[in-house]
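Please keep the sequence and the structure in view while working through the numbered points.

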Amino acid sequence: GCKKIETFEASQVTFTSGKSVLTAQGKKELDVVVSFIKRAPEGLRIKLIGHTDNTGTDEVNEPLSQARADAAKAYMVKQGIDESRISTEGQGSKVPVADNKTKKGRALNRRVEVNVE
């Protein structure tokens with residue numbers, strides 16, 4: 001199954017619309033994951049899954065969601081996590097957690113989720 005990381009909020013790993021640059025809030029949230037991994041047993045791996053809101057087409061959103069996951073990974077590697085412990089995947093706009101009709105909902109959908117494997 002998929003373990004949860006205490007106090008980690010995927011909805012806080014946020015991005016500006018159309019961009020794959022982490023916000024300061026996003027970095028702060030990823031720091032929670034970084035310290036979790038540093039304390040975790042060596043075999044523990046995580047998967048970062050990037051998501052977008054439904055603005056734009058799949059042609060744009062699929063690579064964008066991958067770029068977001070990759071940006072999160074790059075940040076974590078810079079914080080000292082071995083990159084072999086992190087896999088990434090982009091799911092475009094297929095898995096919204098909020099209503100894409102509202103600005104707030106779209107903001108929540110632009111996120112990176114973390115699965116502990």
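1. Two strands are said to pair if DSSP finds at least two bridges between them. With that term in hand, a bridge can be read residue by residue: the partner of Lys-47 in strand 3 is Asn-115. Please bear in mind throughout that this is a predicted model.

2. How many strands form the sheet, and in what order? The sheet is open and has 3 strands, arranged in the order 2-1-3, with mixed pairing. Strand 2 and strand 3 each have a single partner strand and stand at the edges, so one side of each lacks a neighbour in the sheet. On average, and with direction ignored, neighbouring strands are turned by 25° against each other.

3. Individual residues illustrate both pairings. Lys-47 has Ser-87 as its bridge partner in strand 2, and Asn-115 as its bridge partner in strand 3. Ile-49 is bridged to Glu-113 of strand 3.

4. Two packed helices are described by the angle between their axes and the distance between the axes. For helix 1 and helix 2, the angle is about 55° and the axes lie 10 Å apart. Angles under 35 degrees count as roughly parallel and those from 65 to 115 as roughly perpendicular; helix 1 and helix 2 are therefore oblique to each other. The crossing of helix 1 past helix 2 is right-handed. On the side of helix 1 the contact is made by Lys-27, Leu-30, Asp-31, Val-33, Val-34 and Ile-37, and on the side of helix 2 by Ala-72, Tyr-75 and Met-76.

5. Is Val-13 buried or exposed? Val-13 lies in the segment before helix 1 (24-39). Its relative accessible area is 0%, and buried means under 20%, so Val-13 is buried. Leaving aside neighbours within four places in sequence, its contacts include Phe-8, Leu-22, Gly-26, Glu-29 and Leu-30, as well as Arg-110, Arg-111 and Val-112. The C-alpha atoms of Val-13 and Asn-115 are separated by 14 Å, and these residues are 102 residues apart along the chain.

6. Asn-61 belongs to helix 2. With a relative accessible area of 2%, Asn-61 is likewise buried. Not counting residues up to four places away in sequence, Asn-61 touches Thr-52, Asp-53, Asn-54, Thr-55, Gly-56, Gly-92 and Ser-93. Between the C-alpha atoms of Asn-61 and Gly-90 the separation is 8.7 Å, although the two residues are 29 residues apart along the chain.

Conventions:
Residues are numbered from 1 along each chain as its sequence is written. This is a predicted model: local features need pLDDT of at least 70, side-chain atom pairs count only at pLDDT 80 or more; totals for chains, interfaces and linings use all residues. Side-chain values use heavy atoms; hydrogens and water are left out. Helices (H or I, at least four residues) and strands (E, at least two) are DSSP runs, numbered from the N terminus. Buried means under 20% relative accessible area, exposed over 50%, partly exposed in between (1.4 Å probe, protein chains only). Contact means heavy atoms within 4.5 Å. Axes are lines fitted to C-alpha atoms, for helices over the stretch in contact, and angles run from 0 to 180 degrees between N-to-C directions. Angles under 35 degrees count as roughly parallel, over 145 as roughly antiparallel, 65 to 115 as roughly perpendicular and the rest as oblique. A crossing is left-handed if the near helix is turned anticlockwise from the far one by less than a right angle, and right-handed if clockwise.
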